Amino acid sequence: MSNSLGRHVLAEIYGCSFEILNNREEVEAIMVNAALEAGAEVREVVFHKFSPQGVSGVVVISESHLAIHTWPELGYAAVDVFTCGDQVNPWDACNYLTEQFKAGHMTATEMKRGLVEDPKEAVNL
């Protein structure tokens, strides 16, 4: 029997608000809140605004990360939500992002990460 170490959702979010996707502060706040909505513990946050448009950023969580790159001119955001353990639901974050970006729709794929045939208990050295 295999056990996974984490869940990685790759989301394609379409039909989003240009104004939101082009605003670094707003994208950052929405991403942080998406992590919190999913039940994650936020550790670090780094975001960058591109010229003439677009935002990229990462929210590092104790359970892994959320990452985004936006194309405001296309109303599109590419999002990764990678969570480890069973306390955080990456789909909660994706659904929150879709709502907050005022998206028309989202398509997403979930991958199991770290499929381990014979799991060992982690030991801190």
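Student: Hi! Is Arg7 buried, partly exposed or exposed?
Tutor: Arg7 is partly exposed, with a relative accessible area of 23%. Keep in mind that this is a predicted model.

Student: Okay, and which residue does Arg7 form a salt bridge with?
Tutor: Its partner is Glu110, and the closest N and O atoms of the two are 2.8 Å apart. The pair links distant parts of the chain: Arg7 sits in strand β1 (residues 6-14), Glu110 in strand β6 (residues 105-113), and 103 residues separate them.

Student: How exposed is Glu110, then?
Tutor: Glu110 is partly exposed too, at a relative accessible area of 26%.

Student: Which residues are linked with Arg7 in a network?
Tutor: Glu110 and Lys112 join Arg7 in a network of salt bridges. Lys112 bridges to Glu110, with 2.9 Å between the closest N and O atoms. Lys112 is partly exposed, and its relative accessible area is 44%.

Student: Why can side chains like these pair at all?
Tutor: Side chains of opposite charge can pair when their charged atoms come close.

Student: New topic! What does Arg24 pair with?
Tutor: Arg24 forms a salt bridge with Glu28, where the closest N and O atoms are 2.6 Å apart.

Student: And where are those two in the chain?
Tutor: Both are in helix α2 (residues 24-37). Because they are four residues apart there, about one helical turn separates them. Arg24 is partly exposed at 25% relative accessible area, and Glu28 is partly exposed at 23%.

Student: Last one: how many salt bridges are there in the whole structure?
Tutor: A search of the whole structure finds five.

Terms used:
Residues are numbered from 1 along each chain as its sequence is written. This is a predicted model: local features need pLDDT of at least 70, side-chain atom pairs count only at pLDDT 80 or more; totals for chains, interfaces and linings use all residues. Side-chain values use heavy atoms; hydrogens and water are left out. A salt bridge is a side-chain nitrogen of Lys or Arg within 4 Å of a carboxyl oxygen of Asp or Glu. Buried means under 20% relative accessible area, exposed over 50%, partly exposed in between (1.4 Å probe, protein chains only).
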